[in-house]
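Trainee: I am new to this structure and would like to learn how to read it. May we go through it feature by feature?

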Amino acid sequence: MIIALPTLGNTLDSPVSPQFGRTPYFCLYDLESDSVRFIRNDATESQGGAGVKAADLIVNMGVEILIAQNVGEKALHVFRQSGIEIYVSRANHITLDIERYKSGKLTKIISSNPQ
Amino acid sequence: MNIGFISGKGGTGKTYLSVNLAARVKGSLYLDCDCEEPNGHLFFRPSIDKRHIVNACGVSIDANRCDGCHACVDFCVYNALAMARNKAMVFPDLCHGCGGCIRICHMCAIEEKPQSIGVIMQGHHDDHGVFSGFLNPGKESAVLIIRHIFSLARTWGDGYFFVDCPPGNGCQVMECVHHCDYIAIVAEPSIFGLSNFKMTVRLTESMGKRAAVIINKSMGDDDLIVDYCREHHLPLVGTMPFDRALAHINNEAKIAVDESFEYAQIFDDIWTRLKSEIER
């Protein structure tokens, strides 16, 4: 199972991005192999519809869980259709957030404004 | 004869000038192409003769046919499509209606589905025709409404059509300029006004349109605009003063030329000069 987080950088100490659609990177964490990799988010270049494009990328990568601070309405719609679960990042920290997810401490996002 | 009133900067007086000039020219047509916030009708208060709904091409997807190939998503530069559970889905708000995905889909799973983007109110005031475009809130662009206004105007016959264009120099302004035979650039003699004026001059020049300039809100020193006009061989056909009484009439949504003989005279003079430039 792959967990994705939008991140500001491509290293493990990078903070989780406050944006979803225009985040510069995504961190992809493979739960089974306990391995991490980062991918660039091409959607940042888009004039409009960055959220939809980024959501499509995440779906394409076979992600099942997304941990984010915010997710826009359109991207959320794509995730609902795809059956991807979204959790609110509280620690704002890649490994801490993943640990909290594993121990069941993160809240599921059900609307586009979790706060 | 379509005469487009453009300015770059908003609030320079496109509506004010086009409404008042149209009101002084017998049998003329006033076309409000500033569809995001049309306001010319507030001055003319036309009797509405017809309402025309304007549709844009949207798309609908037959999920049973979609084989999840992802070609349409890759094609759409507006990111209006995404793939979920191997089926394409569309976001109508982002769709610009280019129809490219319909052509590219090898399963013929996408078809055209018209979506209403706005309305054109066709009316009249005395012997003037008044056409106003209204873009529905949340819609991307009024280009198709503008195109439709011009095609409706063609049925009006001959005469002078005063085209009140949107501000800026974007797609909607270019669509207006494209349909116009002559451009009247409304310029504000300020540093900000000059900066926008330059962009607007470049736009008209690059689209190969002839243009004249009207200065509005003049406080006496218009060198900023006048010098630039001279350098670019642009005829200056009128200068409207910064006048509290005029502003007051305008704020009450009254047509200045109907209020006093003096104002009618000023606009008649501008029209005489503009017309002779057009006919040159």
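Trainee: Which residue of β11(B) stands opposite B:S218?

Mentor: As a general idea, the strands of a sheet pair through backbone hydrogen bonds, either parallel or antiparallel. In this predicted model, the residue facing B:S218 is B:P241 in β11(B). The two strands, β10(B) and β11(B), pair in the parallel sense over four bridges. Between them the chain passes through α8(B), and this β-α-β crossover is right-handed.

Trainee: In which sense do β9(B) and β10(B) pair, parallel or antiparallel?

Mentor: Their pairing is parallel and runs over five bridges. One point of reference is B:A184, whose bridge partner in β10(B) is B:A212. Together with helix α7 (residues 191-206) of chain B, β9(B) and β10(B) make a right-handed β-α-β unit.

Trainee: Why is β10(B) described as largely enclosed by the rest of the structure?

Mentor: Burial is judged by counting neighbours, with 20 or more other C-beta atoms within 10 Å as the cut-off. Seven of the eight residues of β10(B) are buried, so the strand is largely enclosed by the rest of the structure. Across chain B, buried residues make up 46% of the 280 residues.

Trainee: Which helices lie across β9, β10 and β11 of chain B?

Mentor: Helix α8 (residues 223-231) of chain B is one of them, and its direction is at about 170° to β10(B). Helix α11 (residues 261-279) of chain B also lies across these strands, running at about 160° to β11(B).

Trainee: What is the order of the strands in the open sheet of chain B?

Mentor: The nine strands follow the order β3-β6-β7-β2-β8-β1-β9-β10-β11, and the pairing is mixed. At the edges stand β3 (47-61) and β11 (236-241) of chain B; each has a single partner strand, so one side of each is left without a neighbour in the sheet. From one strand to the next, the twist averages 20°. Elsewhere in the sheet, β2 (residues 29-32) and β7 (residues 128-135) of chain B pair in the parallel sense over four bridges, and B:Y30 stands opposite B:V130 in β7(B).

Trainee: Which residues have the most contacts inside the largest nonpolar core?

Mentor: They are B:L31, B:I145, B:F162, B:V163, B:A184, B:I185 and B:V213, in a core of 70 residues. Leaving out residues up to four places away in sequence, B:I185 touches several others, including B:I6, B:F197, B:V201 and B:V213. Another core, of 50 residues, lies apart from the largest one, and among its members are A:I3, A:L5, A:I86 and B:A80.

Trainee: How many residues does each chain give to the contact between chain A and chain B?

Mentor: Chain B gives 11 residues and chain A gives 14 residues. On the side of chain B, strand β4 (residues 81-84) gives the most, with three residues. By class, that side has nine nonpolar, one polar and one charged residues.

Trainee: Let us end with one residue of chain A. Why does A:L28 count as partly exposed?

Mentor: A:L28 has 18 C-beta neighbours inside 10 Å, and therefore counts as partly exposed. The residue is found in strand β2 (residues 25-30) of chain A. Beyond its neighbours within four places in sequence, A:L28 is in contact with A:I2, A:A4, A:R37, A:I39, A:M61 and A:V63. A:L66, 38 residues away in sequence, is 9.3 Å from A:L28 in space, C-alpha to C-alpha.

Notes:
Residues numbered from 1 in each chain as written. Chains lettered and ligands numbered in written order. Predicted model: local features only at pLDDT ≥ 70, side-chain atom pairs only at ≥ 80, totals over all residues. Pairing = 2+ DSSP bridges. Axes fitted to C-alpha atoms, helices over the stretch in contact; angles between N-to-C directions. Contact = placed C-beta atoms within 7 Å. Nonpolar A, V, L, I, M, F, W, Y, C, P; charged D, E, K, R; others polar. Core = buried A, V, L, I, M, F, W, Y, C linked by C-beta atoms within 7 Å. Buried ≥ 20, exposed ≤ 12 C-beta atoms within 10 Å, placed from the backbone. Right-handed = clockwise from strand over helix to strand, strands pointing away.
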